[in-house]
Every structure is written in structure tokens, then in C-alpha cells.
Amino acid sequence: MKPVPPNQQQALVERLMQACGGGYSPETRRKHFITGPQWAASYQGQALFHAPTRTAIGFEDVIREFAKIGIGYWCTHDTDVIPTEQLGKDGQHQIVARIQKSLAEHGLKCSMVTTETFYHEVFVAGPAAEAPEVRCYAAFRVRNTVDIGHELGAEYAVYWPGSLGYYTQGAIDETESLRWYADALNAACERDIEIAKKKNRPTLKHCLEAKPFEPQGEILLPTSDAMLGFIFSGLVKRPEMVGLNPEYLHELMWGAAVRAALARALVCGKLFHFDINDGYRLKHDVDIAIGLVNPLDWLNVLVLLRSHGYNGPFNLDYKPPRTTSNAGVWAVSVPTMVDRFITLWEMAGEVISDPIITEATEALKAGGTGADTKNAESIVKANKELLSLHELIAHRIFQILIGAHRGRTYSL
Ligand code: 3MF
Ligand code: MG
Ligand code: MG
């Protein structure tokens, strides 16, 4: 192939995207509770060892492009859109008014707001630092985000305490830090109750998001399970208002079975919100888009969520690759991520209603006959052959993933 001149490259990407086919219409995409973060779309590709590769874009552009693609909901950190020095001031009110206008113009809703408590130097020792003025400021920030959330009509507030911890051990007392962190969360909930009453709106669902490492070396609430313990510890004054926002890759980062982590949140009634992406086990937070690394695992995750009636947001918390251009973010990255999610969601429906899986599952639950339930050997004999169905079910799910259940075959 001849070298492609720069002014023909976007057209080539667009033509090959067309050739891929299989895209959903914006109307179909909008039927799902898919939420698009400001920070994901506007991520410029920067990192500790990486310079930015894309130019900055603001919320007006992001909201417009989400609308074109068919993403019905937008979410943001306070400082993604409001400069730190303007928080709680006139500048904030003007920006919030611009956001409201932009959302209304493009028919989007704001689903969630979150407080950035990790980037600015004020949080260098975390949002629950020893100095009371830092904690007072953190309380101001989360309360202010609750205000913004109510103004924008959000239903959820998310908290990612990635800088609650330390690099070097021994200087802080972890139990004290956890109490102080709970104080900030309690301040947010109290403010929420007050504003919700004034505005005659429901209170927000407050969701804790865990990540096992990065950016802090050691994190005090590193897993969703640690957070469940924290919610029910007695330190959180309104445990009924607080739940989880697990993130797919954050669970893999500590080696969890994501389905099992989600199941633990489900049985506690705490699966409020879900950050969706993909990546590698026991590695750093690469935030690859859904389905590009673990499609089979993702299918299984969605089977669990569909079969348990999860109806919260699926939040596209990923980072478009650094190799993708500004134009590529809208032409390739965002729409293909949404479409892989929808396809996997549809496949999950097929798994749930598949007659082979259904019969196999029912047979496993029915068990065998002739067992003496006080005799281990006799129970083993009664069930032995049925248990091959475990692997058969896994094979059938693979067939559904590759379309073999619809007759797709390879070199027969
Ligand atoms: C970091 C994250 C965060 C959180 C966000 C929401 C930048 O790995 O996942 O995204 O999702 O702060 O509170
Ligand atoms: Mg992440
Ligand atoms: Mg996240």
C-alpha cells in the first residue's frame, strides 16, 4: 500500500469504520443507561511517563458529540469543568448555567457528579489529612459537589479515595484517617438531605469507588469489600445513602473475580453504579475500553447483572488510547465502546434464555437421586455425572460469544 497523506487519513479511518459495520443507531444506544464522563472524552493522553497526544476539549464539545453518538447521560468531576479557584463562587454559577444550557440543547441529562480529591496539591496528604483546614476544605468540596449535582439534576455522587493513604508507613494513624474520611462523607450526606428537601428532589445515591493502588502507594480503602466494611462500620452516619461504584478493572487490578466482587455488592444491596472498562489482571490502571481484553469475562459479568435486574448506570470510565487522535475519539473510540457494551448486553440476554444453559442449570439444581445425605460417598455417586455440566455451560457461553449457537462454523 502507498503511504497515506495526512489529509486522507481521517477519511481512511472513517471508511474502515463504515466497513466494520454492526454499529447501533443513536436511538438504540440511548435506550441503555450509559453515562459518558467528561474526563474520559477529554483525556489528552498524559501520564507519569507520557506527554499528551491530543488537544484539550471542553464540556460543550463533549456534550454535543455524546448526543450525536447517542450517549444519553453525562457526568463530571467538579474540577473537570470548574477551575479550582472558582469553586463555590460566581464563576461556578456561570459555568453550571452553561452546562445546563448545553445539556438541554442536546437532550442529555447529567447522571452523576464527583469530587476531585486527588489531583490538586491541596490533597497531597489526602482528603483526610492531619491538618484540620484540609479536612474542612474537603468537606466544602464534597458539599459543593452535592449542590452542583442537585442543580444539574444528577441522581448519583461518586467518591474515589485514591489519595487516602500514604507512600511511607507510620506517619499517620489509619483509624484516625478513616474517621476523618467518614466525616467528609457524612458532611456530603447531611448537605444532600438539606438541599434535597429544599428542592423537593430525592437525595443522591452516594457511591464509593475502590482502586487497590495508584496514585497513593498504600490505600486505606483498596477494594469494594473494604468499602462495604466501611459503610457498615458505624463511622458512616447514613449507611442507607451510601453504596458502591465498583470499576471493572479496579477489581481485576487486585486479582478479584469481578463477578464475585459484584455479587458481594449485590447481596448487600449496595451495587449503585458501575464503571465499565477493561484491562489486565494485577497490573496498573490501563483503562482500556470494554471487551478489548476480556470479552468472555465481560459477557459473564453482564449475565450476572442482567439476571439480577441491575438498573443503575454503566459509566464509560476508560481512556481512549494515546494513539487515537482527537477525531478518532469520536469516530472510533467512543462509539465502538458503546456498541461492544450493547452487543455483550444482548448476548447476556441470550445466555439467560438459552435452552441448553437453562436445562443444564436446572438439572444441576435438581441434583441426583438415591443419595443418603449423611453419607459423603453416596452423595458423590448421586451427582457425579451431572457435574460435567459446569464445563458444558462454559462451552455454551463461549459459543454464544462467537455466534456458534446461531450456526457460525469454522472450516468444517
Ligand atoms: C480512577 C478512576 C476515577 C474515578 C472518578 C470518579 C478518574 O482510576 O476510576 O476516574 O472513576 O474519580 O469519582
Ligand atoms: Mg480506572
Ligand atoms: Mg472509575
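**Magnesium site and salt bridges**

The 6 donor atoms around the magnesium ion (ligand 3) subtend angles of 80 to 171 degrees, so the arrangement is octahedral (six donors, opposite ones over 155 degrees apart and all others between 65 and 115). Donors are N, O and S atoms within 2.8 Å of the metal (3.2 Å for Na, K and Ca), and water is not among the atoms, so sites may look incomplete. This is a predicted model, in which local features need pLDDT of at least 70 and side-chain atom pairs pLDDT 80 or more, while totals for chains, interfaces and linings use all residues. Residues are numbered from 1 along each chain, ligands are numbered from 1 in the order written, and side-chain values use heavy atoms.

Metal site
- Glu 209 (OE), Glu 247 (OE), Asp 275 (OD) and Asp 317 (OD) coordinate the magnesium ion (ligand 3) at 1.9 to 2.1 Å.
- The spacing of these donor residues in sequence is E-x37-E-x27-D-x41-D.
- Glu 247 bridges the magnesium ion (ligand 3) and the magnesium ion (ligand 2), which are 4.4 Å apart.
- Glu 247 is buried at 1% relative accessibility (under 20% relative accessible area; exposed is over 50%, partly exposed in between; 1.4 Å probe, protein chains only).
- Asp 275 is also buried, at 1%.

Salt bridges
- The structure holds 17 salt bridges (a side-chain nitrogen of Lys or Arg within 4 Å of a carboxyl oxygen of Asp or Glu).
- Asp 147, buried at 15%, pairs with Arg 191 at 2.7 Å, and Arg 191 is partly exposed at 24%.
- Glu 190 and Arg 238 form a salt bridge at 3.2 Å; Glu 190 is partly exposed at 36%, as is Arg 238 at 30%.
- A network of salt bridges links Asp 61, Arg 64, Glu 65 and Lys 68.

Conventions: Tetrahedral: all angles 85-135°; square planar, octahedral: opposite > 155°, others 65-115°.
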